[in-house]
Amino acid sequence: MRQLILGAALAALLPFAAQAQDAAAGEKAFAPCKACHAFGKNGVGPDLKGVIGRKAGTHEGYNYSAAMKNSGLTWDEATFRDYIHNPKAKVPGTKMIFAGITDDKKVSDLIAYLETQK
């Protein structure tokens, strides 16, 4: 009986294990972002070093859109996940022209990678 319960519990958790964040895979998912973003300097897009936990539209030296400055967002995991799925839907008027990432696993991995860049 104990094995049956343990097996059922493990089977229930398996989908969550498949969604585990992988920073190495996130570095690969970051490749398209490099066209505009870097760590440690602004480019076409703002510096992403330490972005997780930062208030949106506040990194010094970058000219943000009024929409981003006034968004009231803070880049925690949930907010970033929602934004990166469809940037223009989350912040209408953003300067970011990227269409978004719809693959939840890639987004999770990307967040894991960004969290290593502090």
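**Before selecting**

The model is predicted, so local features need pLDDT of at least 70 and side-chain atom pairs count only at pLDDT 80 or more, while totals for chains, interfaces and linings use all residues. Residues are numbered from 1 along each chain as its sequence is written, and side-chain values use heavy atoms, with hydrogens and water left out.

**Stop 1: helix H4**

Select residues 77-85, which form helix H4. Helices here are DSSP runs of H or I with at least four residues, strands are runs of E with at least two, and both are numbered from the N terminus. Within H4, the buried residues are Thr79, Phe80, Arg81, Tyr83 and Ile84. Buried means under 20% relative accessible area, exposed means over 50%, and partly exposed lies in between, with a 1.4 Å probe and protein chains only.

Contact is defined as heavy atoms within 4.5 Å.

Next, select Asp76 and Ala78. Asp76 caps the N-terminal end of H4, with a side-chain oxygen 3.3 Å from the backbone nitrogen of Ala78. A polar contact is a pair of N or O atoms within 3.5 Å; within protein, one must be able to donate a hydrogen and the other to accept it, and residues adjacent in sequence count only if both atoms are side-chain atoms.

**Stop 2: the salt bridges**

Side chains of opposite charge can pair when their charged atoms come close. The structure holds three salt bridges, each a side-chain nitrogen of Lys or Arg within 4 Å of a carboxyl oxygen of Asp or Glu.

- Select Glu77 and Arg81: their side chains meet at 3.1 Å, N to O. The two are four residues apart in H4, about one helical turn. Glu77 is partly exposed at 31% relative accessible area, whereas Arg81 is among the buried residues of H4.
- Select Asp82 and Lys90: the closest N and O atoms of this salt bridge are 3.0 Å apart. Asp82 is partly exposed at 41% relative accessibility, and Lys90 is partly exposed at 30%.
- Select Asp109 and Lys105: this salt bridge has an N to O distance of 2.8 Å. Both residues lie in helix H6, four residues apart, about one turn of the helix. Asp109 is buried at 5% relative accessibility, but Lys105 is partly exposed at 28%.

**Stop 3: the largest pocket**

Display the largest pocket, with a volume of about 570 Å³. Of its 31 lining residues, those closest to the centre are His37, Gly45, Pro46, Tyr83 and Met96. H4 and H6 are the elements that give two or more residues to the lining, and H4 has the largest share, three residues.

On a 1 Å grid over the protein atoms alone, a pocket is an open set of points with protein on both sides within 12 Å along at least five of seven lines, and lining residues have an atom within 4 Å of a point. Grid points are joined across faces, edges and corners, and the volume is the space filled by probe spheres set on the points.

Colour the lining by class to find 22 nonpolar, six polar and three charged residues. Ala, Val, Leu, Ile, Met, Phe, Trp, Tyr, Cys and Pro count as nonpolar, Asp, Glu, Lys and Arg as charged, and the others, Gly among them, as polar.

**Stop 4: His37**

Select His37, in the loop between helix H2 (23-29) and H3. His37 is buried, with a relative accessible area of 14%. Its side chain reaches the backbone oxygen of Pro46 at 2.9 Å. Not counting residues up to four places away in sequence, His37 touches Phe30, Gly45, Pro46, Leu48 and Met96.

**Stop 5: Ala99**

Finish at Ala99, in the loop between H5 and H6. Ala99 is exposed at 64% relative accessibility.

Definitions and conventions:
1 Å grid on protein atoms, 1.4 Å probe; cavity = no way out; pocket = protein on both sides within 12 Å on 5 of 7 lines; lining within 4 Å.
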